[in-house]
Amino acid sequence: MEVKQAVLSLDSLVSSFNTRIAELQDLVVARNMYPASSVTDLSEVDATLKTMELQLQQIKDRLREETLAIPKAKKLIQASLQQQQKLQNMSAYVPSYLPERGSVKHQDHSICSVAEEPTRQDNSFGIQEFKEETAPIPKEKKGRGSAPLWYITATELDSLSSYMRGRLTLEKVNAAISDMAAYAEANAQLITAPRKKLTESTLEKAMEIRDIGTAEGVKGKHFFLETDVKGPTLKLDNTGKAILTVLRHLGRLSESRIGHHRVFVLARPH
């Protein structure tokens, strides 16, 4: 519709130019009756006409280019809107808090990490000598890699009854899932860490976690204990208990009692 209006405006402009040119031509014919006194005026009129014709042609060319560019601009705008919608949908599933994977702090604020084997030095030359052949990296045991992050979607949260959902938000629940993954990964590191790498403060916890990790339904899976739940988002308050209930209902958790411990196992959503 805008293109049609632009074309009509151009046609009106062209018509005005043509009318003006016709009038000037009539004036030229009239002035030809006195050629001796009108040569200078006719030269100026001719120059003005040529300038007007050139400007009119430039306007036509510019309008043609803009008309041809309109369909491409519409497609670009449509693609941009679709991409914006995709990014908005993706951002709805990402929590504001994500734990760092580099080192996982235990609840007693100690860090369990396997130190890299130091490089050997040739003291006779005083130059650090690197090994030419590196030892093959051992394969990780099943379930002992990084703890999974199975976030829930807005559709899943909306599918719950208002009584169960309460005031929980998608961001808060997914942030709690990040916390649970951090707890489970810390326990997995305790299970796989060599005994000589454990400190006195973590040795007892590691032995207890290893015993729980061999139990039926827990072996080979990522898990955490009720005593591990200490934030920063998931806590053992009313909100935290509601989140655990929701995640059990949505199939992200399974719960069991092993000894005096309440154990939560991370479960893959179906």
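**Close-up 1. The loop around Pro232.** Pro232 sits in the loop that links strand E3 (223-225) to helix H7 (238-249); helices (H or I, at least four residues) and strands (E, at least two) are DSSP runs, numbered from the N terminus. Check the peptide bond from Gly231 to Pro232: it's cis, with omega near 10°. A heads-up: this is a predicted model, where local features need pLDDT of at least 70, side-chain atom pairs count only at pLDDT 80 or more, and totals for chains, interfaces and linings use all residues. Residues are numbered from 1 along each chain as its sequence is written, and side-chain values use heavy atoms, with hydrogens and water left out.

**Close-up 2. Helix H5 against H7.** Helix H5 (residues 170-192) packs on H7 at an angle of about 85°, their axes 11 Å apart. Axes are lines fitted to C-alpha atoms, for helices over the stretch in contact, and angles run from 0 to 180 degrees between N-to-C directions. That makes H5 roughly perpendicular to H7 (65 to 115 degrees; under 35 is roughly parallel, over 145 roughly antiparallel, the rest oblique). On the H5 side, the contact (heavy atoms within 4.5 Å) uses Lys172, Val173, Ala176, Ile177 and Met180, and H7 brings Thr239, Ile243, Leu244 and Leu247. By class, that's 7 nonpolar, 1 polar and 1 charged residues; Ala, Val, Leu, Ile, Met, Phe, Trp, Tyr, Cys and Pro count as nonpolar, Asp, Glu, Lys and Arg as charged, and the others, Gly among them, as polar.

**Close-up 3. Helix H5 against H6.** Here the axes of H5 and H6 come within 9 Å and cross at roughly 95°, so H5 and H6 are roughly perpendicular to each other. Asn187, Leu190 and Ile191 of H5 meet Thr202, Lys205, Ala206, Ile209 and Arg210 of H6. Sorted by class, this contact has 4 nonpolar, 2 polar and 2 charged residues.

**Close-up 4. The two faces of H6.** Thr202, Ala206, Ile209, Ile212 and Gly213 of H6 are buried (under 20% relative accessible area; exposed is over 50%, partly exposed in between, with a 1.4 Å probe and protein chains only). They cover an arc of only 125° around the axis, which puts them on the same side of H6; the arc is that of the directions from the helix axis to the C-beta atoms. The buried residues of H6 pack against H5, E3, strand E4 (253-258) and strand E5 (261-266). Turned away from that buried side, the other face carries the exposed residues Glu200, Glu204 and Asp211.
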